[in-house]
Amino acid sequence: RDDIDEQLLPIFLEEAQELVPKVGAELRAWNASQGDVNISHSLRRALHTLKGGARMAGAIRLGELIHAVESGIQAAIKAGRLSAE
């Protein structure tokens, strides 16, 4: 299902080198302080950007995985298991 674009892949990989550690740091920070809305928004923004880049580069399965993570976070927020406010 992937259809990697050889021209866009290097751009995505460069962006991902910055975003993946950011996502990890944001997850750890949010876990430590779930009441911080700025961390919640920053995490979701980084995931959204990473998902879009993956899909644009043709890494469809990776984009779907990131979407599942986004959806899981949203579901946990709605269920009250995680705080975004």
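**Helix packing and salt bridges in a predicted model**

Let me begin with helix H1, residues 9-32, and helix H2, residues 37-56, which pack at an angle of about 155° with their axes 9 Å apart. Please keep in mind throughout that this is a predicted model. Angles over 145 degrees count as roughly antiparallel, and H1 and H2 are therefore roughly antiparallel to each other. Their crossing is left-handed. On the H1 side the residues making the contact include Phe12, Leu19, Val23 and Trp30, while H2 contributes, among others, Ile39, Leu43, Leu47 and Leu50. The residues of this contact divide into 14 nonpolar, four polar and three charged.

I turn now to the salt bridges, of which a search of the whole structure finds four; I will go through some of them.

In one, the side chains of Glu64 and Arg1 meet at 2.1 Å, N to O, and this pair links Glu64 in helix H3, residues 60-78, with Arg1 in the segment before H1, 63 residues apart. Glu64 counts as partly exposed at 30% relative accessibility, whereas Arg1, at 71%, counts as exposed.

Finally, Glu70 and Lys51 meet in a salt bridge at 2.8 Å, N to O; Glu70 lies in helix H3 and Lys51 in helix H2, so the pair ties together parts that are 19 residues apart in sequence. Glu70 is buried, at 13% relative accessible area, and Lys51 counts as buried at 9%.

Notes: Residues numbered from 1 in each chain as written. Predicted model: local features only at pLDDT ≥ 70, side-chain atom pairs only at ≥ 80, totals over all residues. Heavy atoms only, no water. Axes fitted to C-alpha atoms, helices over the stretch in contact; angles between N-to-C directions. Helix = DSSP H or I, 4+ residues; strand = E, 2+ residues; numbered from the N terminus. Parallel < 35°, antiparallel > 145°, perpendicular 65-115°, else oblique. Left-handed = near helix turned anticlockwise from the far one by under 90°. Contact = heavy atoms within 4.5 Å. Nonpolar A, V, L, I, M, F, W, Y, C, P; charged D, E, K, R; others polar. Buried < 20%, exposed > 50% of the residue type's maximum accessible area, 1.4 Å probe, protein only.
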